[in-house]
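Subject: Structure handover and notes

Hello,

Here is the structure you will be working with. My notes come after it.

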Amino acid sequence: RENRDSYSVSVKLDKNNKLYISSSSNGSTPENIWKETAGNILGLDSQSIEIVRGNNTILPNSGPSFLSNDLSIMTNLVEKCCNGIKKQRFQQALPIIEKRSFKSPGKNVWDENKLKGMPFNGLSWGAAVIEIELDPVFLIPLIRGIWTIFDIGKIYNIDAACSAGE
């Protein structure tokens, strides 16, 4: 990210075993991923988990950096909150509220004017190689093979990851 974005998540388990997940996410939240993650950690079904919407009036930066950061960072914060609730669940009276936050590091940010800093995203990378053969008569390229590799870390939705890769 170009600036120091901050992310925060609050998870509340009430007396009726209903879980509320609220976040600072500006865009759409991956409800199914967060519900599945929280449900697996706390043993709850998806009907008892509610996602409280953030501020949708402000659209965040676009592009792959936005999608990657929001999903991976916010889902990790949801996991940490749910694990915190799990530790306290039968030792403390309900409701239990866990809050976690993350602030993007400000150093090594790319400065276009000074040409200093880190110009590449340090979270993940990918590469693609396409082998082509050029038809000597018609000068038409023919694709002989395509190889891709992605270092994307933890995958929350394998179908979506494969679809994006394809």
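The notes below go from the whole chain down to single residues.

This is a predicted model, in which local features need pLDDT of at least 70 and side-chain atom pairs count only at pLDDT 80 or more, while totals for chains, interfaces and linings use all residues. Residues are numbered from 1 along each chain as its sequence is written, and side-chain values use heavy atoms, with hydrogens and water left out.

Overall layout

The protein chain has three helices and six strands. Both kinds of element are DSSP runs numbered from the N terminus: helices are H or I with at least four residues, strands are E with at least two. Read from the N terminus, the order is β-β-α-β-α-β-β-β-α. Of the 166 residues in the protein chain, 26% count as buried. Buried here means under 20% relative accessible area, exposed means over 50%, and partly exposed is in between (1.4 Å probe, protein chains only).

The protein chain exposes about 11600 Å², and carbon and sulfur atoms supply 53% of that. These areas come from the Shrake-Rupley method with a 1.4 Å probe; for residues, only the protein chains shown count as cover. Among contacts (heavy atoms within 4.5 Å) with a separation of 6 or more, 61% are between residues 24 or more positions apart.

The nonpolar core

A nonpolar core is a set of buried Ala, Val, Leu, Ile, Met, Phe, Trp, Tyr and Cys residues joined through side-chain atoms within 4.5 Å. The largest one has 22 residues, of which Val9, Val11, Leu19, Ile21 and Cys82 touch the most other members. At least two residues of this core come from each of β1 (6–13), β2 (19–23), α1 (31–42), β3 (49–52) and α2 (64–88). Helix α2 gives the most to this core, with seven residues. Apart from neighbours within four places in sequence, Cys82 is in contact with Val11, Leu19, Ala38, Ile41 and Leu42.

Where does Glu98 sit, and is Glu98 buried or exposed? Glu98 is in strand β4 (residues 96–103), and counts as buried because its relative accessibility is 9%. Its side chain makes a polar contact with the side chain of Gln88 at 2.4 Å and another with the side chain of Arg100 at 2.7 Å. A polar contact is a pair of N or O atoms within 3.5 Å; within protein, one must be able to donate a hydrogen and the other to accept it, and residues adjacent in sequence count only if both atoms are side-chain atoms. Leaving out neighbours within four places in sequence, Glu98 is in contact with Val9, Ser10, Val11, Cys81, Gly84, Ile85 and Gln88.

Side chains of opposite charge can pair when their charged atoms come close. A salt bridge is counted when a side-chain nitrogen of Lys or Arg is within 4 Å of a carboxyl oxygen of Asp or Glu, and the count comes to four. One of them joins Lys18 and Glu50 (3.8 Å, N to O). Lys18 lies in the loop between β1 and β2 and Glu50 in strand β3, so this pair ties together parts that are 32 residues apart in sequence. Lys18 is partly exposed at 24%, and Glu50 is partly exposed at 34%.

Arg100 and Glu98 also meet in a salt bridge (2.7 Å, N to O); Arg100 is partly exposed, with a relative accessible area of 30%. Another salt bridge is between Glu133 and Arg144 (3.0 Å, N to O). This pair links distant parts of the chain, with Glu133 in strand β5 and Arg144 in strand β6, 11 residues apart.

The surface patch

Ile130, Ile132, Ile143 and Ile146 make a nonpolar surface patch of about 420 Å². Patches are made of residues with over 30% relative accessible area and no salt bridge; like charges are joined within 9 Å, nonpolar side chains (Val, Leu, Ile, Met, Phe, Trp, Tyr) within 5 Å. Strands β5 (125–134) and β6 (141–151) each supply at least two residues of the patch. Ile130, in strand β5, counts as exposed at 52% relative accessibility.

Backbone points

A cis peptide bond joins Leu94 and Pro95, with omega of about 5 degrees. Pro95 is in the loop between α2 and β4. Asn17 is not a glycine but has a positive phi of about 55 degrees; Asn17 is in the loop between β1 and β2. Leu139, also not a glycine, has a positive phi of about 55 degrees. Leu139 is in the loop between β5 and β6 and is exposed, at 59% relative accessible area.

Regards
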